[in-house]
Amino acid sequence: MRGTGRPARADIVRTMFAAYAARIDPDDPLSALELGELPEPEAREGWSVVNVRAATLNHHDLWSLRGVGLPAERLPMILGCDAAGVDEHGNEVVIHSVVGQSGHGVGPAEPRSILTERYQGTFAGKVAVPTWNLLPKPAELSFEQAACLPTAWLTAYRMLFTNAGVKPGDTVLVQGAGGGVSTALVVLAKAAGLRVWVTGRDEAKRARAVELGADAAFESGARLPERVDAVMETVGAATWSHSVKSLRPGGTIVISGATSGPSPKAAELNRIFFLELKVVGSTMGTKEELAGLLALCANTGVRPVIDSVLPLTEAREGFARLAKGDVFGKIVLTP
């Protein structure tokens, strides 16, 4: 039998446009960011390939470019933890970005990680995740709104409703007005019937926080009218002493980040033990908590705060603004 003379096509690799870490640079992370073509994800058992409709930036992406949680041997790594899109069956879905905590889609002994640490992320046309990690997108939310929720808003949800121990009528201080987690904390805390105070260096951001629902806004480090029941801490070293000194006896600091650094000048240990203060670490959230957050937004009209929507081709502009702190809410990228 004569052959067709046509070459085999099994080795053809489909590519997609992506924003990815091409190298590691602790001092100049933006120089490690590349935009270009990378292979599309392949389907495998227990996993789904999602067509990304919207994804959002997080400080985690900047840390990845610095090499935090991302060793050089895993490069190139597509960045992006958050996304909403459409799966291979046409379902509109939101991605829970924590992989490994349940064993679904991965080995049961695999440690927990976030997309972009072990697995390619969402800043591309498609992303592959364990099918267990998909939740239905509420019809009430746009793809852009839904994509804001799985990291910053889920972090805020867990801080407030799982770890802070607060109840309606309590006073909560949110350190650092303007960031994705901070704006989420203001909106969610107000929706839960809490009195919300914020601090921030930027007067315009403080004013916008009040527009979102904060009851009062203060300059960073300012003496407060009274001590609060809980402090939501994401800034770290720059605000730590103020956070401790702002708490009533028996109050709680929930810390989920340290964007200004992890090593404050003073640990304030005497105040912590003498006033019996609680310091609670909080990281991301569970799939069940994300389902609760999605339901809260769908049922109450609460919506994430979106700073801007950029095409993926302009991802570098979004990264640069995030690095400068020139944002209020979430930056959304659309492929």
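Which residues are buried in helix H5 (residues 203-212)? In this helix, Lys205, Arg206 and Ala209 are buried. Buried means under 20% relative accessible area, exposed over 50%, and partly exposed in between (1.4 Å probe, protein chains only). Helices (H or I, at least four residues) and strands (E, at least two) are DSSP runs numbered from the N terminus.

The model is predicted: local features need pLDDT of at least 70, side-chain atom pairs count only at pLDDT 80 or more, and totals for chains, interfaces and linings use all residues. Residues are numbered from 1 along each chain as its sequence is written, and side-chain values use heavy atoms, with hydrogens and water left out.

The buried residues of H5 pack against H4, S12 and strand S13 (216-219). Contact means heavy atoms within 4.5 Å. Asp202 caps the N-terminal end of H5, with a side-chain oxygen 2.9 Å from the backbone nitrogen of Ala204. Gly213 follows H5 and has a positive phi, near 135°.

The largest nonpolar core holds 45 residues. Such a core is a set of buried Ala, Val, Leu, Ile, Met, Phe, Trp, Tyr and Cys residues joined through side-chain atoms within 4.5 Å. Trp153, Met232 and Leu293 touch the most other members. Elements giving two or more residues to this core include strand S5 (82-86), helix H3 (149-163), helix H4 (180-191) and helix H8 (287-300). H3 gives the most, with eight residues. Beyond its neighbours within four places in sequence, Met232 is in contact with residues including Met159, Leu160, Leu185 and Val254. A second, separate core of 42 residues includes Ala18, Leu57, Leu65 and Val327.

Ala146 lies in helix H2 (residues 143-147). Ala146 counts as buried because its relative accessibility is 0%. Residues up to four places away in sequence aside, Ala146 touches Ala84, Val94, Lys137 and Leu141.

Asp229 is placed in strand S14. Asp229 counts as buried because its relative accessibility is 18%. Its side chain makes a polar contact with the side chain of Arg248 (2.6 Å). A polar contact is a pair of N or O atoms within 3.5 Å; within protein, one must be able to donate a hydrogen and the other to accept it, and residues adjacent in sequence count only if both atoms are side-chain atoms. A polar atom of the Asp229 side chain also lies 2.8 Å from the backbone nitrogen of Thr171.
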